[in-house]
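Dear colleague,

I am handing over the structure we spoke about, and below it you will find what came out of going through it. Please read the notes with the model open beside them.

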Amino acid sequence: PLALVVLSLLAEEPMHAYRMQRMLTERRKDQVANIAQRNSVYQTIDRLQRSDLIRVRETARDERRPERTVYEITDEGSATFREWMSSTLAKPAREYPIVPAALAEVALLSPAEVLAPLEERAAALAARLDAMAAELAGAPPLPRVLLLEHEYERTVVEAELGWVRAVIDDLRGGALSWTEQQMRTLAAAEDG
């Protein structure tokens, strides 16, 4: 994701790494690409440069600032960026997040052991939605096209929160329940 975002910035105009990092934060792209460590942008730039997707345009020095290398996207970088965008938007990727793996194994716990962590997850998801709303409310307005990733994330979090709350309700109401003995019987039947 960070390589895609860096290429997108350089598709707009040539710039130095510090400006890229500042723009990523200002545009809230730190929500879609990991820029928590300052070095991650520089490592991504190095990778893109080694792949001939970007190149050094110039090295400039302002008397009050350290030397800054300005990068620009190459023709190959532009073509790769457009290809990545088209492919990513068109084809759902098979991703392997940890939560579905944990859900696949909940039968090894009791319903009571599953309920508490799901309640905690629901509270965290609700807090995340509140934080997203507060972040956008306190920021200068941006055109919708620059906020599509936030709109997508909000929709995904809302859907997950709805699902988690439904499972919690089913656990509390008894519509979703299991026992260790039921799971052993099921396992024995699979072996037989």
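Which residues have the most contacts inside the largest nonpolar core? They are Leu10, Met20 and Ile45, in a core of 22 residues, where a nonpolar core is a set of buried Ala, Val, Leu, Ile, Met, Phe, Trp, Tyr and Cys residues joined through side-chain atoms within 4.5 Å, and buried means under 20% relative accessible area with a 1.4 Å probe, protein chains only. At least two residues of this core come from each of helix H1 (2-12), helix H2 (17-26), helix H3 (38-50) and strand S3, with H1 giving the largest share, 7 residues; helices (H or I, at least four residues) and strands (E, at least two) are DSSP runs numbered from the N terminus. A second, separate core has 15 residues, among them Ala122, Val157, Leu161 and Ile168.

Please bear in mind that this is a predicted model, in which local features need pLDDT of at least 70 and side-chain atom pairs count only at pLDDT 80 or more, while totals for chains, interfaces and linings use all residues. Residues are numbered from 1 along each chain as its sequence is written, and side-chain values use heavy atoms, with hydrogens and water left out.

Leaving aside residues up to four places away in sequence, Ile45 touches Val6, Ala17, Met20, Ile54 and Tyr71, contact meaning heavy atoms within 4.5 Å. Thr74, in the loop between strand S3 (68-73) and helix H4 (75-90), counts as buried because its relative accessibility is 8%.

With regards

Note on methods: Buried means under 20% relative accessible area, exposed over 50%, partly exposed in between (1.4 Å probe, protein chains only).
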